[in-house]
Amino acid sequence: MEVEIISSESIKPSSFPPYVHLKSFKLSILDQLSPFTYTSLVFFYTLKQSNDPLHLSHALKTSLSKALSEFYLLAGAIKGHTQILANAVGALFQVAKVYGAMSEFLNQPSFESLSQLIPFRSARIMSSSTMEAIYPQVAVQLNAFNGGGVAVGVCFLHKVIDGTTLSNFLRRWAAVAGGSAEEKGGGGVPEYAVAAEAFPGRDLLLGNSWLSKGYSPFVSEGKIKRRRFVFKGDAILELKKELVKWKNVKNPTTVEVVTAFIWKYMMIAATPRSSNSKRSSVLTHAVDLRRRMAPPLPTTSIGNIFWSAVAHYDMSDGEIEVSKLVNLLQQSFAEIDDKFIREMGGEEGFETISKWFIRMGELYSSKPYSYGFTSWRNMGLNEVDFGWGKPSWVSLAGPENSVLKNVVVLKEAILGDGIEAWIMLDEDEMNILENDQQFLAFASHNPTIHLG
């Protein structure tokens, strides 16, 4: 399906708030540890009104400009891994025509086809200084299907934008575009200094991450397959019913259950059938720190205010039981409590963070089966209404030449209480997973999106 870019421009904030008096803001150490990569999403809308892309883009650009006036640092440039300049570089905004019907596109959506609907469809390998100079923190592509309907593709630079920040910005932008009551003061004013005050940055940090020392469990040297699986609400309920039979599992959440289930079958897919040796497995899961602090940080706090829970499983223990994996996950989440977060903070927090990286280096030294999970559940993505109604579907996207492997993104299904899981694995392992009948008994493989 052909996608043609018909316009491209930079959108600047419509104004700056009167309280903006600083020319730059410091990054937190958590921001500094985050990569120069983009998080990408696509929102699909069926429209009854005019589908002219240039006509539709006017209101979207105007509202984006207004939203950036409040989230003004997201329109600035990152400088030297230590600060953001409040210099209004702006957001990239592209308009595109899609030559085909949305229903055809969504019959069996693929990662490769979705990459055409975002501004940065190919990953670029370049120095951090180049990234700072050229690439905006926010980029948008409005895609108009010639058979009706639009898709809004967005890319957010992960350097200072975590899931909560992304969600806050999207909901604010949508509220302004849709003219909702939230435009008149709801949603909360972004708070920029909170993260850097709680987790001060350091001038000499580059090279301290274990990811920069030669071995990354999430970068592939071979072919990657990216597949979407949907866990319907009744399938998740059935899994929970099985787990309550085990006394060591207490009140498992939906994310815990689905994570553990996928983890089990990814390990099975990775284990050579001809080999009796079983390696260990390490799973990391992103955790929002705001609500785990006492008192909690406001959700309006801007920045990468998250950390990774770490669960370690010894595969020599025999048959892999989902109940045991859930228990390990719950223990790992419990470790990230207010005490641990406070030890990470302040001027002395670097020692705690360094010890965490040393621990990770030890865990990864034997090159275990390694997996990284993140959940976008309860982020309000299915509620993002730009004045066209709620989206018919919200999807993960990303560069078509992404080299990420062993990564899983969980998000709410568009209907009911189900979960969508986008899984990225080496080709051979994915071939096993997507044909595993025990896995498919609970996970539907890339079902068609039905437009409302």
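I began with R342 and D338, whose side chains meet in a salt bridge at 2.9 Å from N to O; I note that this is a predicted model. Both R342 and D338 sit in helix α11 (residues 338–344), where they are four residues apart, about one turn of the helix.

Next I looked up K405, which forms a salt bridge with D426, the closest N and O atoms being 3.9 Å apart. I placed K405 in the loop between β13 (393–397) and β14 (407–412) and D426 in strand β15 (residues 419–426), so this pair ties together parts that are 21 residues apart in sequence. I found both K405 and D426 to be buried.

I then turned to E70 and R172, which are joined by a salt bridge with 2.7 Å between the closest N and O atoms. Since E70 belongs to helix α2 and R172 to helix α6, the pair ties together parts that are 102 residues apart in sequence. E70 counts as partly exposed at 22% relative accessibility, whereas R172, with a relative accessible area of 7%, is buried.

I recorded the crossing of α2 and α6 as right-handed. The contact includes L60, L64 and E70 of α2, and F169, R172 and W173 of α6; by class I noted eight nonpolar, one polar and three charged residues in it.

Key. Residues are numbered from 1 along each chain as its sequence is written. This is a predicted model: local features need pLDDT of at least 70, side-chain atom pairs count only at pLDDT 80 or more; totals for chains, interfaces and linings use all residues. Side-chain values use heavy atoms; hydrogens and water are left out. A crossing is left-handed if the near helix is turned anticlockwise from the far one by less than a right angle, and right-handed if clockwise. Helices (H or I, at least four residues) and strands (E, at least two) are DSSP runs, numbered from the N terminus. Contact means heavy atoms within 4.5 Å. Ala, Val, Leu, Ile, Met, Phe, Trp, Tyr, Cys and Pro count as nonpolar, Asp, Glu, Lys and Arg as charged, and the others, Gly among them, as polar. A salt bridge is a side-chain nitrogen of Lys or Arg within 4 Å of a carboxyl oxygen of Asp or Glu. Buried means under 20% relative accessible area, exposed over 50%, partly exposed in between (1.4 Å probe, protein chains only).
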